[in-house]
Amino acid sequence: MWGCKEDKKVDISHTLDSSSMPTMASRNISTLISDSGITQYKIVSPLWNVYDEVDTPYWSFPEGLYLQKFDKDYNVIATVAADSAKFYKNERLWRLEGEVEMTKFPDELFLSPRVFWDQRRQRLYSDTFIHIENATHVIEGTGFESDESLNNYRILLPTGIFPIENRP
């Protein structure tokens with residue numbers, strides 16, 4: 001026998017927090033970013049979450065990020081790999097964390113647990129440990145500032161290993 005009864009309504013609005021849910025989520029992405037019609041970057045990531053419905057909109061790459069920077073002839077001139085990353089859209093600021101590895105071709109390697117990339121000011125910086133090595137030296141320290149091309153950089157509290165010639 002079937003009977004009619006009033007359906008109960010359940011209010012779930014208090015259980016959903018829109019700030020904790022991405023407005024877009026994409027898996028296994030590989031995308032090119034251009035400026036004025038010129039391809040500048042390639043981004044590869046296993047997960048890209050976009051949070052637009054929050055006070056400070058951002059993109060999140062919680063499972064890692066790999067980025068390549070190209071010159072005008074599409075040669076790779078630098079790479080960035082990080083365990084996780086966030087990009088704050090309005091500020092144009094990247095926060096790279098975990099094991100951050102930046103390479104500048106042909107032979108410079110930069111390692112740090114956290115690096116910020118301010119695209120507006122065209123500046124990279126960190127307040128943590130930094131390790132820089134190339135063919136002639138290794139420099140380490142705490143705190144780092146650079147232009148975004150990694151050509152002009154300084155370590156705020158440096159230490160280093162510099163090879164010297166033995167002289168009799």
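The structure is a predicted model, in which local features need pLDDT of at least 70, side-chain atom pairs count only at pLDDT 80 or more, and totals for chains, interfaces and linings use all residues. Residues are numbered from 1 along each chain as its sequence is written, and side-chain values use heavy atoms, with hydrogens and water left out.

The protein chain holds 0 helices and 11 strands. Here helices (H or I, at least four residues) and strands (E, at least two) are DSSP runs, numbered from the N terminus. Of its 168 residues, 35% count as buried. Buried means under 20% relative accessible area, exposed over 50%, and partly exposed in between (1.4 Å probe, protein chains only). Among contacts (heavy atoms within 4.5 Å) with a separation of 6 or more, 33% join residues 24 or more positions apart.

The largest nonpolar core has 27 residues. Such a core is a set of buried Ala, Val, Leu, Ile, Met, Phe, Trp, Tyr and Cys residues joined through side-chain atoms within 4.5 Å. Phe 61, Trp 94, Leu 96, Met 102 and Phe 144 touch the most other members. Phe 61 is buried, because its relative accessible area is 1%. Beyond four places in sequence, Phe 61 touches residues including Ile 29, Ile 43, Leu 47, Trp 48 and Trp 94.

Aromatic pairs were counted next. Rings of Phe, Tyr and Trp (its six-membered ring) pair if their centres lie within 6.5 Å; planes under 30 degrees apart count as stacked, over 60 as edge-to-face and the rest as tilted. The count comes to 13 aromatic pairs. One of them, Trp 48 with Phe 61, is stacked, at 5.9 Å centre to centre and 15 degrees between the planes. Trp 48 lies in strand β2 (residues 38-51) and Phe 61 in strand β3 (residues 58-61), so the pair ties together parts 13 residues apart in sequence. Trp 48 is buried, at 16% relative accessibility. The pair of Phe 110 and Tyr 153 is edge-to-face, because the ring centres are 5.3 Å apart and the planes stand at 85 degrees. This pair links strand β8 (residues 108-118), which holds Phe 110, to strand β11 (residues 153-161), which holds Tyr 153, across 43 residues. Phe 110 is buried at 0% relative accessibility, whereas Tyr 153 is partly exposed at 24%. Trp 48 and Phe 61 also belong to one aromatic cluster with Tyr 41, Trp 59, Phe 87, Trp 94 and Trp 117.

Phe 70 sits in strand β4 (residues 65-70). Phe 70 is buried, at 12% relative accessibility. Its C-alpha atom is 7.2 Å from that of Thr 39, 31 residues away along the chain.
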